[in-house]
Amino acid sequence: MNVGILGAGNIAGKMARTLNGMEGATAYAVASRNFEKAQNFASEYQIEKAYGSYEELLADDKVDLVYIATPHSHHLEHGKLCIDHGKPVLCEKSFTANAAQARELLDYAKEKGVFITEAIWTRYMPSRKLITDVIKSGELGEVHMLSANLGYSLAHKERMVKPELAGGALLDVGVYPLNFASMFFGNDVANITSSCVKHETGVDGQAGMILTYKDGRMATLHMGMYAPTEQYGIIYGTKGYLIAYNINNIDRIEVFSSDRKLIRTIEVPGQISGYEYEVEACRKALAEGKLECEEMPHSETIRLMEQMDTLRGQWGIRYPFE
């Protein structure tokens, strides 16, 4: 499977390195609005084709899947462009800037019969099943609470602080704790409460969120772009709890008894970068003629975007293009 990469930034480089280490998929082409940047990227990552426009890459018949690695603010535009050319899409998270854009893009893909999925890599990783298996086994007893957090020092990055790029911590960082809660507690949410500290540019800088579910369970989440956090995801039950270390790329899981004694450690399989799982899921879905991935169905993408819209509504944050 030949993958074309739209955008030539850091995350695009990580995908290119991953593809270079895979069997059955290859980093075939890259496109940037700056041809020299595309050329340099192609040279660095041993990519066959470099294009100075997205349209040129999309016109290449050898491109089997397009990975969109541009800012959130441009995902709708670039996703529709790919669909117009009949190219299957793996779109980096957050899928779009808001739920209305997500619906528009997904409806357009459905209308045109083109595959598209969100590249929220934690949904595709083996760690997801490992945690689900622990919960289903009853080892933790009846599960009642969950906590998760993700924070980095990112406020110096332009894409994080510019409202016109759909900046802020939520779409870039907060999406991970929200997805952690969604994967293991579902989406039957009765109420969301939150508090946010805004950056000087008006975007969200850091926030705390509490999701209360209709069955009485609760998820307490926080995220930010000012300081690194320990990045734990913890699930609490009547018989014990588990800790997932590094929630945006879980590297190990520990299960504890109710009196805080370590029972066992679950090792997570080795990986190239972790991105290979979403690529392989796309390859499988395309081979089966599907228009979405079962790991991150379109309905889930919309629900997560709706949650983030709700949070921004509580904070009084709108992007200039909304």
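In which sense do strand β13 and strand β14 pair, and over how many bridges? Select residues 252–257 for β13 and 262–267 for β14: the two pair in the antiparallel sense over 5 bridges. Strands pair if DSSP finds at least two bridges between them. Helices (H or I, at least four residues) and strands (E, at least two) are DSSP runs, numbered from the N terminus.

This is a predicted model, in which local features need pLDDT of at least 70 and side-chain atom pairs count only at pLDDT 80 or more, while totals for chains, interfaces and linings use all residues. Residues are numbered from 1 along each chain as its sequence is written, and side-chain values use heavy atoms, with hydrogens and water left out.

Stay on the hairpin. R252 stands opposite E267 in β14. Between the strands are 4 residues, and R260 takes a positive phi near 65°.

Next, select the open sheet of 6 strands, whose order is β3-β2-β1-β4-β5-β6 with parallel pairing. Its edge strands, β3 (49–51) and β6 (116–119), each pair on one side only. Strand β2 (residues 26–31) pairs with β3 over 3 bridges in the parallel sense. Here A29 stands opposite K49 in β3.

Now select helix α4, residues 75–84. Helix α4 lies across β1 (2–6), β4 (65–68), β5 (89–92) and β6, and runs at about 170° to β4. Axes are lines fitted to C-alpha atoms, for helices over the stretch in contact (heavy atoms within 4.5 Å); angles run from 0 to 180 degrees between N-to-C directions.

Last, select helix α1, residues 10–20. Its buried residues (under 20% relative accessible area, 1.4 Å probe, protein chains only) are A12, G13, M15, A16, T18 and L19. They pack against β1, β2, α2 (35–44), β4, β5 and α9 (276–287).

Methods. Buried < 20%, exposed > 50% of the residue type's maximum accessible area, 1.4 Å probe, protein only.
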